[in-house]
Amino acid sequence: MPGKVIVVGGGLAGLSAAARLAHNGYQVTLLEKAPKLGGRAISIPLKGFNFNFGAHAIYARDKSILRKYESEIGLQVDWKDFSPSKAFYDVGSYTTPMPATLEGLYRTKILDSQNKLRFAYEVIKTLISINRGEKGVPIGEYLQKEPKQIRDLMLTLASSNFFTNEPERIPSPLFFEYYKRLFATQKAVSYIGGGWQAIVDAFTQIIESHGGKIITKEKVLKVEWKDRHIQKIIGKNAEYIADHYIFCIPPKELNQIFAETPLSTTIAEYAKYTPTQVVVYDVGLKQRIPSPYTYIYHKAQKVFITDISYYDTTCVPEGGQLMQAIAYLNEEDIQEKRADEKISLIESVYNKHFPNWRELLVAKRVSKKAIVQEIKCIDDQQLMPTKFYQCQNAFFAGDWCQGVGQLSELSFNSAYNVTSQIMKLQKVATTVA
Ligand SMILES: Cc1cc2nc3c(=O)[nH]c(=O)nc-3n(C[C@H](O)[C@H](O)[C@H](O)COP(=O)(O)OP(=O)(O)OC[C@H]3O[C@@H](n4cnc5c(N)ncnc54)[C@H](O)[C@@H]3O)c2cc1C
């Protein structure tokens, strides 16, 4: 008989973990401190527009762990695949297609013809693992031997996939592991019909239809611990006991909850790491501005704009347009409080490519410090393991935990891995009995 599981945190990691276990017959209770589920993937309705607070796209959905959630537990997602021919780089004096496909590679001016061949060769070398990087060597240094155009393009790609303006600091093995998967995809970028709220609602529906319990406005405060096991967890409103506990809350929150346990020093390390942070500036317009692009990346400013409503028409009132713009922040930008400068930069990119956006503006959403990933994969920063030897019935998942991919893919992946570990334990127990 599958056991009792408490899942702490109702973001994408917590929801997907709870849904998979509930579907497999576990008695699941999910605790979320906020009044609303979704964590950083919530959608916010404003003046008829539906703004995605955080996540807006899935990269390589045909390689994503989400396919397993679709086939195994019946997750339904209305995918809206992105048109690579509408993705452009703004290189200052002109715009040019992004080499996201072979056609894009043929048409782009970002590489000369010799380097186009060279880039295709590098893609193949990555796909067959000849390019693997080197432990302890960041990708910027690793690519030093490449022609400037190739190095520049690889780093520009990494900027947009890792949401960073310091892509050269990404560890080279991680870079190639990531692009081995991404270069093999047929679905580089996909949006979700109904916004990310749709995926939050779909997981919620699976949990509830399989008897799972969801308790919102319940903040977990601490855990009680004995003999390498959690005995119970203490919430603001009640105490909870289960066979297994899955913590899908960021390291800084974990640090408080585990403060009085033998795991405290281990978790404190991860809580010190810096997150990936960005400035978000989304605009809802009453009328579409015609444009050849649905994605434009301003290379010098490191700002991108995506026309979400081109793909997901449910997020706008009829005839409207919703665009998301993002500028990356590094540590220095954060220390020097440069978020306002980034806002001006974003406005200048809107002005350049969507000149009359201000006259059509109905609603906007600005966030000066949005956390894209809780542990940024640069330098020696390490993602957290999903389980520790010191505690046998606690598991961890989220975009700060070890797994495949980056951003929400890490949340889904680590959640899938911990639920597999729990189900495996159950199988062993059943066989022994
Ligand atoms: C602007 C922006 C753009 C993004 N774009 C993309 C994108 O294009 N593609 C992509 O894949 N990803 C993207 N992401 C990242 C994606 O949104 C996150 O990776 C993902 O939502 C993280 O989910 P999570 O469950 O791991 O963590 P979270 O969403 O942080 O969930 C943690 C949950 O735990 C709850 N919690 C915390 N402490 C407690 C406690 N003590 N007790 C109970 N509950 C608690 C929180 O309220 C929260 O609901 C973006 C993020 C941002 C901010």
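**Ground rules**

I am working with a predicted model, so local features need pLDDT of at least 70 and side-chain atom pairs count only at pLDDT 80 or more, while totals for chains, interfaces and linings use all residues. I number residues from 1 along each chain as its sequence is written.

**Domains**

I started with how the chain is divided. There is domain 1 (4-42 + 61-68 + 196-273 + 379-432), domain 2 (83-183) and domain 3 (276-373); these bounds come from an automatic or database domain assignment. Taken over C-alpha atoms, the centres of domain 1 and domain 3 are separated by 32 Å.

**Ligand shell**

Which residues are closest to the ligand? I found Gly-9, Gly-11, Gly-39, Gly-54 and Ser-408, in a shell of 37 residues. Helices (H or I, at least four residues) and strands (E, at least two) are DSSP runs, numbered from the N terminus. E19 gives the largest share, 4 residues.

I then sorted the shell by residue type and got 19 nonpolar, 11 polar and 7 charged. Here Ala, Val, Leu, Ile, Met, Phe, Trp, Tyr, Cys and Pro count as nonpolar, Asp, Glu, Lys and Arg as charged, and the others, Gly among them, as polar.

**Helix H1**

Next I checked the length of H1. Its 12 residues should span 16 Å at 1.5 Å a residue, and the end C-alpha atoms are 16 Å apart, which agrees. The expected span is 1.5 Å times one less than the number of residues.

Is H1 enclosed or open? I counted 12 of its 12 residues as buried, so H1 is largely enclosed by the rest of the structure. Buried means that 20 or more other C-beta atoms lie within 10 Å of a residue's own, exposed means 12 or fewer, and partly exposed is in between, with C-beta atoms placed from the backbone. Arg-20 and His-23 are among the buried residues of H1. After H1 comes Gly-25, with a positive phi near 90 degrees.

**Helix H13**

Helix H13 (residues 339-353) has 15 residues and reaches 21 Å from first C-alpha to last, close to the 21 Å expected. I found Lys-342, Leu-345, Ile-346, Val-349 and Tyr-350 buried in H13. They cover an arc of only 140 degrees around the axis, which puts them on the same side of H13; the arc is that of the directions from the helix axis to the C-beta atoms. On the other side of H13, Asp-340, Ser-344 and Asn-351 are exposed.

Two strands pair if DSSP finds at least two bridges between them. I see 6 bridges joining E11 to E12, with Lys-226 partnered by His-229. Their hairpin has 2 residues between the strands, and Asp-227 in it takes a positive phi near 45 degrees. The hairpin of E12 and E13 has 3 residues between them, and 2 bridges join this pair: Ile-234 partners Glu-239 and Ile-233 partners Tyr-240.

The other entry is an open sheet of 3 strands in the order E5-E9-E6, again with antiparallel pairing. Strand E5 (58-59) and strand E6 (79-81) each have a single partner strand, so one side of each is left without a neighbour in the sheet. E5 is joined to strand E9 (residues 189-192) by 2 bridges, and Ile-58 stands opposite Ser-190.

**Two loop residues**

Most residues other than glycine have a negative phi, and I wanted the exceptions. Lys-217 has a positive phi near 55 degrees and is found in the loop between strand E10 (213-215) and E11. Lys-217 is partly exposed, with 13 other C-beta atoms within 10 Å. Asp-379 has a positive phi of about 50 degrees and sits in the loop between E19 and strand E20 (394-396). Asp-379 is partly exposed, with 13 other C-beta atoms within 10 Å.

Definitions and conventions. Near = placed C-beta within 6 Å.
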